[in-house]
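I opened the model to look up a few residues and some totals for the chain. My notes follow.

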Amino acid sequence: MPPRRIQFTQADIDAQLQQIHLLDASSNNENLESLVPLLKTVHDNHQVEAFLRTTQGLVDSKEKEIETICGNNYQDFVSSVSTLLTVRSYTENLRERIQTLDTSVSAVGNSFAAKKKAVLQSKKTAANLDEAIDTLQACLRVLDLVNRVGDMIKEGRYWSALKTPFFTYLLSSLPSLRGQIKDAVTASTKSWLFEIRNISGQVGQLALDAMKTRARRWKAKREKEPLLRLSLVGSAVEMVTNEKVEFNVLDNDQIHVDFKPLYQCIHIYTALDAIQELQRTYQADRKAQALLILSDRMSTASANKNLATTLLPLTEDIVGFFIVESEVLRTTQSFRSHREVDELWDSVVAKLMEVLHNGLREDGDVETFLSCKEIILSFIQTLEGYSYDTNRLRALIFILFENYSGLLDRTFSAQFKKAVNDDDNLPMEVKTKEDLDRALMSCWLQGQKAEELQKIPLPGVLPFSQVFYSCCAFMRQFVDKFYQFVEGVSHQHRDIDELLRKALDQLLTKHVSENIAHHLSSTRNVSQVAQVLTNIEYFQETCTILEEQLMKLRATQRGGSIRLMSYASFASLHSQAVAHLISVLNNKLTDIFETAEYDWTPNQPETTPSMYLWDTPNWLMTVVDGMSVPEEVKEEVYRGALNHIAESLMNFLVGPDVKIVNDDGLSNLATDIEFLEDQFQRPGKPDLTGVFKEIRTTVAIVTKEDVASYLIPAKRQQLYSNVQPRKLGSLLEKMARFTPKNRSVAELQKVERRRQEAQAMSRMIVAHRIETGQR
């Protein structure tokens, strides 16, 4: 069961209400908290209405008490109220006066407070000023030092500024001062680099001019002293000699390069512990300057087609640039490294080689090659004195030399070819002593032969034609141009000599020998062929002399000798020319023999030779003896011509054109042979009659009735080994066909004997063929 509610009676509620003091006389706050338990109990017991009635009754009761009290004391109350009103009016008046006074006092107080505050602030400010004055006075020396450092910086006395007392403290306390000094010394170095950039070309020009003067001086000394001939510029001997006249390109009457700004900058950056920063910026600046030199000059080179005019200022700038680098490297110890300088050097050399390759590819002129070679050689010799690696440039010179050699070959090959084509194959005419001297000086001739030619009457003719003189002059120019490039170059000289040998062989073989051979094949004039043969003789002699001259022209002493393969070409051409001359003469002789009108069956023999042979020996000897060729060549020509005569006469006997021959016709032929042998046996003529031995023996076998002996192998081998059975058999057959008009017994017996001899010869020839075939 739920708990039973507590019930309050009217008396309980009244008692509790009487105990509540809603107002606490000692407090200004209402005492409402004491009602809370009562109200909660009333509410819980559902006695709200009863509580309200009781409360209303209490209120009414209290009002009655108040009315009773007020009714008993009304007059006092009214009087009190009047008094209170009066007091109130006085009080309000007093309050207003107090407020006025308070306002006045407040104003006076605020003014006083403000003045007090101002006084305090003034005292504080005065104290701060005193402190500031003391501090400033304490800093006067420091500020004076700072001011002095600034003046030193403006005056460029950076190292003095660094050595100022308390400088370390100043740098740590004032970072701007560090930056100020760095900026000032860096600006000074940048200005110095700009000045170096502007005068590098002048430094390089002075260095190159000094090297050219040194080379000329050494060349003159070498010419005076043969023992120094093998020593080039830069050799140990030359360097010792040159020490006496050493020239400082950085400090002379024309220019003075002051490195103080750079040295000062290095000291400052070292003191500031920033030397690595300076090294990086300096390397970058110098690399930029090197690229600027190359780009400027390369753009100028592209605009100017003449490479030599742009290459010289480019090399002057580069030489000046790297002479400065060498001096910095030498005097600053660890500031610059060899690796950094070598990197710059390699990049510049690569660009320079590119400029040369491109320029010479477009400007293929001999003089341009020579000018560029001289410039590069002076460039190499100058910078080798500063310990720069020039191996790539020396290799480049040799590559240029190969190209130059090819250019010379192309240039002179056209001149050689034109000289051969324009030659008239006639002896060269000289009218004056000057013409003779000029010709003999240009041609390579043996001493004795040159002396003989010096004595010829003027005006006169030389043994050789214009082509020999022109080719000799061209060869001298070629060799001079060749060694102009080689002069001063230290390289593998065997390679250079081999190039010269190949070039000369190419010119002499391809453009002289072969062209002469081509023209020779179409030449049918005997005197012109003889002149070509004479020219070839002189060309062969020239090859021998030229080999000796080239050995002397070589710049250094080396083993081995120079051999021109063109000599073999001219030797082969000589044989060809002799054969062609013999062929031309034989053609003339053939024309003569074609006019011969032999009667091979005359009634009686002739006592004199045939008419067509009367002038033939004289003509042949006049032509051959008039040639300016050695005697052995003349003998070879004679032998070739007489062989052709002998073969032509033999063809009359055994050839198909003649069908019948009798003894008188054979006797007439023997008379002709005897006449020819007699003509060529005259004094002063070579013994060439052996060429007629075969035909003379063949005729003798028949005329002497000795065919029977020929049929015997032992006698044939012993007495008639030079007679061919076929030819003898053919002659016997033709004689066997002859039918004499006088049919005497003796004549008929002779004819029958010829027929039997011809049959015997035929059987012997068949047997010989069978025997040879079995073998």
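I looked up the contacts of aspartate 672 (contact means heavy atoms within 4.5 Å). Leaving out residues up to four places away in sequence, aspartate 672 touches Tyr598, Pro609, Ser610, Tyr612 and Leu613. The model is predicted, so I note that local features need pLDDT of at least 70, side-chain atom pairs count only at pLDDT 80 or more, and totals for chains, interfaces and linings use all residues. Residues are numbered from 1 along each chain as its sequence is written, and side-chain values use heavy atoms, with hydrogens and water left out.

Aspartate 672 counts as buried because its relative accessibility is 0% (buried is under 20% relative accessible area, exposed over 50%, partly exposed in between, with a 1.4 Å probe and protein chains only). From C-alpha to C-alpha, aspartate 672 and methionine 611 are 9.7 Å apart in space and 61 residues apart in sequence.

Aspartate 672 lies in helix α23, and I found glutamine 679 in helix α23 too, which covers residues 663-679 (helices are DSSP runs of H or I, at least four residues; strands are runs of E, at least two; both are numbered from the N terminus). Is glutamine 679 buried or exposed? Glutamine 679 counts as buried, at 14% relative accessibility. Residues up to four places away in sequence aside, glutamine 679 touches Pro617, Asn618 and Met621.

Last, I took down totals for the chain. The secondary structure comes to 28 helices and 2 strands. Of the 775 residues in the chain, 41% are buried. Among contacts with a separation of 6 or more, 78% are between residues 24 or more positions apart.
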